[in-house]
Amino acid sequence: MSNPTAAMIVIGDEILSGRTRDSNMHYLAQELTTHGIDLSEARMISDDRAAIVESVRSLSAAYDQVFTSGGIGPTHDDITADAVAEAMGATIDVRDDARALLQAHYDSTGRELNEARLRMARIPDGATLIDNPVSIAPGFSLGNVHVMAGVPSVFQAMVASVLPGLAGGAPLLSQSLAIHRGEGDIAGPLGLLAKDHPDVSIGSYPFNNNGVYGANIVIRSADGTAIHNAMTELARLFPEGAK
């Protein structure tokens with residue numbers, strides 16, 4: 001049985017402009033792999049409502065789970081919550097449970113829960129709140145779409161909150177072998193190896209270390225025995241890599 005599938009939408013003009021480097025996709029991919037969910041697609045899109053709506057609709061229909069990061073803060077360009085609500089056909093407004101969380105937080109810090117901060121309590125009808133132990137303002141899950149903050153520390157905390165409740169499959173395992181030959185020299189044998197071992201995924205990742213060309217061959221599967229068998233054959237084909 002194949003693993004559940006997932007997609008991610010990274011939202012933010014600051015990502016696309018190069019002002020901010022995204023690390024959330026890398027983190028999510030690692031966590032999903034461990035949980036046995038295959039991250040099959042990722043998109044980076046601007047703070048554009050129509051683009052968010054289209055991406056959420058298409059990806060939520062195509063994959064078991066969809067994760068978004070970015071655009072749920074207090075400023076005018078934080079439009080993700082409204083766009084996701086539209087995409088999923090839900091109404092959205094300030095919700096009492098989210099407001100109570102924010103009110104208690106700002107009361108404890110002596111700051112005002114003003115109109116801008118109250119935007120972070122706008123939650124679609126029918127959504128489940130995602131805990132945010134870092135800065136309190138919650139994310140939410142609506143259907144199979146999980147809406148999270150873009151700040152990496154908050155995003156990671158929200159992933160930790162959501163993942164235990166999602167059905168997973170077998171964790172993806174991998175082994176690798178460095179072969180000091182150019183990809184053009186090893187492509188033929190690797191193709192035959194892949195054909196003989198259809199139950200594994202074989203990737204070739206070239207490198208150049210101080211003028212020495214080679215490739216790291218990575219074999220992945222949820223089946224440890226299948227990896228072992230393919231690695232044994234790979235080492236036989238390229239014994240210099242096994243040294």
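Modeller: A6 stands opposite Q65 in β3. This is a predicted model, in which local features need pLDDT of at least 70 and side-chain atom pairs count only at pLDDT 80 or more, while totals for chains, interfaces and linings use all residues. Residues are numbered from 1 along each chain as its sequence is written, and side-chain values use heavy atoms, with hydrogens and water left out.

Biologist: How many bridges join β1 to strand β3?

Modeller: Strands pair if DSSP finds at least two bridges between them; strands (E, at least two residues) and helices (H or I, at least four) are DSSP runs numbered from the N terminus. Five bridges join β1 to β3 (residues 65–69), and the two run parallel. Strand β2 (residues 38–45) is also parallel to β1, through seven bridges, and M44 in β2 is the bridge partner of V10.

Biologist: Is T80 buried or exposed?

Modeller: Buried means under 20% relative accessible area, exposed over 50%, and partly exposed in between (1.4 Å probe, protein chains only). T80 is buried, with a relative accessible area of 0%. This residue lies in helix α4 (residues 80–87). In strand β1 (residues 5–11), six of the seven residues are buried.

Biologist: Which residues is T80 in contact with, leaving aside its neighbours within four places in sequence?

Modeller: Contact means heavy atoms within 4.5 Å. The partners of T80 beyond those neighbours are I11, I52, T68, G70, G71, I72 and V147. Its side chain reaches the backbone oxygen of G70 at 2.8 Å.

Conventions
Polar contact = N/O pair within 3.5 Å; in protein donor to acceptor, adjacent residues only side chain to side chain.
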